[in-house]
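I am keeping these entries as a record of what I looked up, element by element. Cut-offs are noted where a term first comes up.

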Amino acid sequence: MQGIEHATWMIFLLTFLLLAPVFYYIRKAQKSKNLFVRKIPGIEAIEETITKSVEAGRPISFTSGLCGIGPTLYACLGVLFYIAKRAATFKAKLLVPQNDPEVLAITEDTVQRAYRVAKRENFFDPKNIPFLSTEQFAFAAGYIGLVQRERVGGAFLFGEFAAESLILAEAGQQIGAHQVGATVSPEQVAFFIVSCDYTLIGEEIFAASAYLSQDPIQIGSLYAQDFSKYLIVGIIFCGVIFATIQSFYPDLIYFDFKSFWTIL
């Protein structure tokens, strides 16, 4: 009850303004299958990477890095489902090394479901989804050994990464793999840009999942997220204008910003 006591009508209003678009756009996406999601080069490179690996007769690898169960993992799974389905169609070997036991179980189910949808379930092999280690650099060492032994032709690094990001990407560079990186970790984006062929920056990973999966919930959430950004930027812009006018004409607009933020 303590949290409710400190809540105000303004908090409820802001919560409604942020949540209402989510339900609205999800409902709209469920009714209409043609909601536009803009393509970006990194998304188009996913199909290119798969094709190049298949043509070279080399395996494909996908890692979600240090992702735990959460929104980023679900976005990664949307991309993985598409890649696994395409790999199954072309009968290409797909390697998905893991560092989290819980994520391993979810990932294995996602890949198996993709093979089932592609009607290639007999080609699914759980051994291609190995558990390496929960330790950061032990996982990195295992990943390096795996992609270099298998001579991976295309590598996808989607998820959360830390200091091991450049190590993973360099492992693919050394064997000439075509690589696509995507991370929500701002500090690691620069390393992917210099070591991967294409890089999705920050929230583009969610756009990739929505675009490839065409899932109404993901597409609707993506639209609502953009709407919320416009709303917040609009509120900030209006606040700046009112504050600027008040600073020049203090008697023209009677508005106590300190009291307003106290209400918030």
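I began with Thr110, which is buried, with a relative accessible area of 4%; buried means under 20% relative accessible area, exposed over 50%, and partly exposed in between, with a 1.4 Å probe and protein chains only. This is a predicted model, in which local features need pLDDT of at least 70 and side-chain atom pairs count only at pLDDT 80 or more, while totals for chains, interfaces and linings use all residues. Residues are numbered from 1 along each chain as its sequence is written, and side-chain values use heavy atoms, with hydrogens and water left out.

**Thr110 and its surroundings**

I placed Thr110 in helix 5; helices (H or I, at least four residues) and strands (E, at least two) are DSSP runs numbered from the N terminus. A polar atom of the Thr110 side chain lies 3.0 Å from the backbone oxygen of Ile106. I then looked for contacts, meaning heavy atoms within 4.5 Å, and, leaving aside neighbours within four places in sequence, I found Thr110 in contact with Leu77 and Phe81.

**The chain as a whole**

I noted 11 helices and five strands in the protein chain. Of its 264 residues, 41% count as buried. Among contacts between residues at least 6 apart in sequence, 70% join residues at least 24 apart.

**Nonpolar cores**

A nonpolar core is taken as a set of buried Ala, Val, Leu, Ile, Met, Phe, Trp, Tyr and Cys residues joined through side-chain atoms within 4.5 Å. Which members of the largest core touch the most other members? Among its 38 residues these are Ile46, Phe62, Ile83, Leu94, Val111, Phe156 and Phe158. At least two residues of this core come from each of helix 3 (41-56), strand 1 (60-65), helix 4 (71-90), helix 5 (101-117), strand 3 (154-160), strand 4 and helix 9 (204-213). Helix 4 gives the most to this core, with 11 residues. Apart from this core lies another, of 17 residues, among them Leu95, Phe139, Leu146 and Val152. Returning to Val111, I listed its contacts with Leu80, Ala84, Leu94, Val96, Phe124 and Ile129, not counting residues up to four places away in sequence.

**Thr183**

I found Thr183 in strand 4 (residues 178-183), and at 0% relative accessibility Thr183 counts as buried. I checked its polar contacts, that is, pairs of N or O atoms within 3.5 Å where, within protein, one must be able to donate a hydrogen and the other to accept it, and where residues adjacent in sequence count only if both atoms are side-chain atoms. The side chain of Thr183 reaches the backbone oxygen of Gly159 at 3.1 Å and the backbone nitrogen of Ser185 at 3.0 Å. Not counting residues up to four places away in sequence, Thr183 touches residues including Phe161, Val189, Phe192 and Leu200.

**Helix packing**

Axes here are lines fitted to C-alpha atoms, for helices over the stretch in contact, and angles run from 0 to 180 degrees between N-to-C directions. The axes of helix 7 (residues 165-174) and helix 8 (residues 186-195) come within 9 Å and cross at roughly 10 degrees. Helix 7 and helix 8 are therefore roughly parallel to each other, a term for angles under 35 degrees. Ser165, Leu166, Ala169, Glu170 and Gln173 of helix 7 make the contact with Gln188, Phe191, Phe192 and Ser195 of helix 8.

I next compared helix 6 (residues 136-150) with helix 7, whose axes are 9 Å apart, with a packing angle of about 10 degrees. That makes helix 6 roughly parallel to helix 7. From helix 6, Phe137, Phe139, Ala140, Tyr143, Ile144, Val147 and Gln148 meet Ile167, Leu168, Ala171 and Gln174 in helix 7.

Glu48 lies in helix 3 and is partly exposed, with a relative accessible area of 29%. Not counting residues up to four places away in sequence, Glu48 touches His178 and Tyr198. Glu48 and Val180 are 132 residues apart in sequence and 10.0 Å apart in space, C-alpha to C-alpha.

Most residues other than glycine have a negative phi. I found a positive phi, near 60 degrees, at Lys91, which is in the loop between helix 4 and strand 2 (94-95) and is exposed, with a relative accessible area of 53%. Phi of Arg151 is also positive, near 55 degrees; Arg151 lies in the loop between helix 6 and strand 3 and is partly exposed, with a relative accessible area of 44%.

Conventions
Angles under 35 degrees count as roughly parallel, over 145 as roughly antiparallel, 65 to 115 as roughly perpendicular and the rest as oblique.
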